[in-house]
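Please look over the sequence and the structure shown below before reading on. The notes that follow are grouped by topic and are meant to be read alongside the model.

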Amino acid sequence: MKIALMDSGIGLLAAAAAMRRLRPDADLVISSDPDGMPWGPRTPADLTERAVAVARAAAAHRPDALIVACNTASVHSLPNLRAELEPAIPVIGTVPAIKPAAAAGGRVAIWATPATTGSPYQRGLIRDFAAGVRVTEVPCPGLADAVDHGNEEEVVRAVAAAAALTPPDVTDVVLGCTHYELVDEVIRAALAERTGGAEPVFHGSAEPVAVQALRRIGARPEPGLPRTGGLTVLLSGRPSQLPATALGYAEGRMLVGENTPVA
């Protein structure tokens with residue numbers, strides 16, 4: 001089994017680590033775009049051009065499925081990516097977990113990039129799955145970039161700014177950018193101060209999207225299998241290794257465990 005994941009940067013680590021946990025035998029192809037990141041400030045057409053190039057690089061390795069481990073690319077480029085690769089390679093987009101967050105009927109905050117916040121796509125998800133629920137859209141400028149660069153001071157600063165925009169009575173928080181799951185402990189700490197210690201329920205997308213990818217190819221989670229899966233890393237189409245910043249996160253270190261063959 002071979003699963004490819006794509007993103008502008010290292011936000012895909014969360015979904016890749018989830019896939020590694022669910023299927024230790026799966027070969028993973030990680031395709032990102034350091035030459036073109038960040039994607040968020042780009043126009044939808046420009047972003048889509050970069051995303052398609054990254055997807056083509058991954059597709060050349062003949063994966064069984066491709067996970068678009070980027071909310072912004074899923075918002076703007078998913079139809080183009082599917083037109084390019086399907087039906088030969090199933091393409092699985094990453095959708096903010098608004099539906100499960102709203103199910104309890106509490107107060108929901110959606111943390112996302114400025115490009116996703118307020119987009120027709122996100123507003124449509126709110127309309128379809130959170131009607132009647134109090135929802136606050138929280139833009140997080142600079143947070144994904146800070147995560148990509150491993151800049152802890154900038155991460156703390158961006159998280160603090162987003163926390164200040166989050167209602168103190170929030171009950172559920174949607175992490176609407178894959179990068180944010182890599183620093184969820186920082187986000188939890190900031191919101192604990194904001195909410196007086198009452199920790200909201202966090203909703204990420206890494207494991208659900210990994211499960212969906214397995215479902216699309218007729219497979220199932222088998223976390224007890226031997227860890228035999230390899231790792232291929234593509235940086236703007238070039239064969240490489242995980243960047244040093246990726247190894248600053250537990251998810252990155254997990255992917256390059258001592259028993260992982262690296263191509």
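**Helix contacts, buried faces and backbone features**

In this predicted model, helix α2 contributes Pro44, Leu47, Thr48, Ala51, Val52, Ala55, Arg56 and Ala59 to a contact with helix α3, which contributes Thr72, Ala73, His76, Ser77, Asn80, Leu81, Glu84 and Leu85. Sorted by class, the residues in this contact of α2 with α3 are nine nonpolar, five polar and two charged. The points below take up the geometry of this pair, then a second pair of helices, and then individual residues.

**The α2 and α3 pair**

- The axes of α2 (residues 44–59) and α3 (residues 71–85) come within 9 Å and cross at roughly 50°, and that angle makes α2 oblique to α3.
- The crossing in which α2 passes α3 is right-handed.

**The α1 and α9 pair**

- Helix α1 (residues 13–22) and helix α9 (residues 206–216) have axes that come within 8 Å and cross at roughly 55°, and α1 and α9 are therefore oblique to each other.
- On the α1 side the contact is made by Ala14, Ala15, Ala18, Met19 and Leu22, while on the α9 side it is made by Ala206, Glu207, Val209, Ala210, Val211, Ala213 and Leu214.
- By class, the contact of α1 with α9 comprises eleven nonpolar residues, no polar residues and one charged residue.
- The crossing of α1 past α9 is right-handed.

**The two faces of α9**

- Within α9, the residues Ala206, Val209, Ala210, Ala213 and Leu214 are buried; seen down the axis of α9, these buried residues fall within an arc of 140°, so they line one face of the helix.
- The face of α9 that is turned away from this buried side carries Pro208 and Arg215, which are exposed.
- The cover over the buried residues of α9 includes α1, β3 (65–68) and β4 (91–92).
- Glycine 218 follows α9 and has a positive phi, near 75°.

**The two faces of α8**

- In helix α8 (residues 184–194) the buried residues are Ile187, Ala190 and Leu191, and they cover an arc of only 95° around the axis, which puts them on the same side of α8.
- Glu185 and Glu193 are exposed residues carried by the face of α8 that is turned away from its buried side.
- The buried residues of α8 are covered by elements that include β5 (107–112), α7 (152–164), β7 (172–175) and β8 (201–203).
- Just after α8, glycine 196 adopts a positive phi of about 70°.

**Isoleucine 92 and its surroundings**

- Isoleucine 92 lies in strand β4, and with a relative accessible area of 3% isoleucine 92 is buried.
- Between isoleucine 92 and valine 209 there are 117 residues of separation in sequence, yet the two are 7.2 Å apart in space, C-alpha to C-alpha.
- When neighbours within four places in sequence are left aside, isoleucine 92 is in contact with Ala65, Leu66, Ile67, Val68, Arg82, Val209, Gln212, Ala213 and Arg216.

**Backbone features in the loops**

- Most peptide bonds are trans, and most residues other than glycine have a negative phi.
- The peptide bond from methionine 37 to proline 38 is cis, with omega near 0°, and proline 38 is placed in the loop between β2 (27–32) and α2.
- Glutamate 86 and proline 87 are also joined by a cis peptide bond, with omega of about 5°, and proline 87 is placed in the loop between α3 and β4.
- Arginine 62, a residue other than glycine, has a positive phi near 55°; arginine 62 is located in the loop between α2 and β3, and is exposed, with a relative accessible area of 72%.
- Serine 236, although it is not a glycine, has a positive phi of about 50°; serine 236 is found in the loop between β9 (231–235) and β10 (238–240), and at 22% relative accessibility serine 236 counts as partly exposed.

Conventions:
Residues numbered from 1 in each chain as written. Predicted model: local features only at pLDDT ≥ 70, side-chain atom pairs only at ≥ 80, totals over all residues. Heavy atoms only, no water. Axes fitted to C-alpha atoms, helices over the stretch in contact; angles between N-to-C directions. Helix = DSSP H or I, 4+ residues; strand = E, 2+ residues; numbered from the N terminus. Parallel < 35°, antiparallel > 145°, perpendicular 65-115°, else oblique. Left-handed = near helix turned anticlockwise from the far one by under 90°. Contact = heavy atoms within 4.5 Å. Nonpolar A, V, L, I, M, F, W, Y, C, P; charged D, E, K, R; others polar. Buried < 20%, exposed > 50% of the residue type's maximum accessible area, 1.4 Å probe, protein only. Arc of directions from axis to C-beta.
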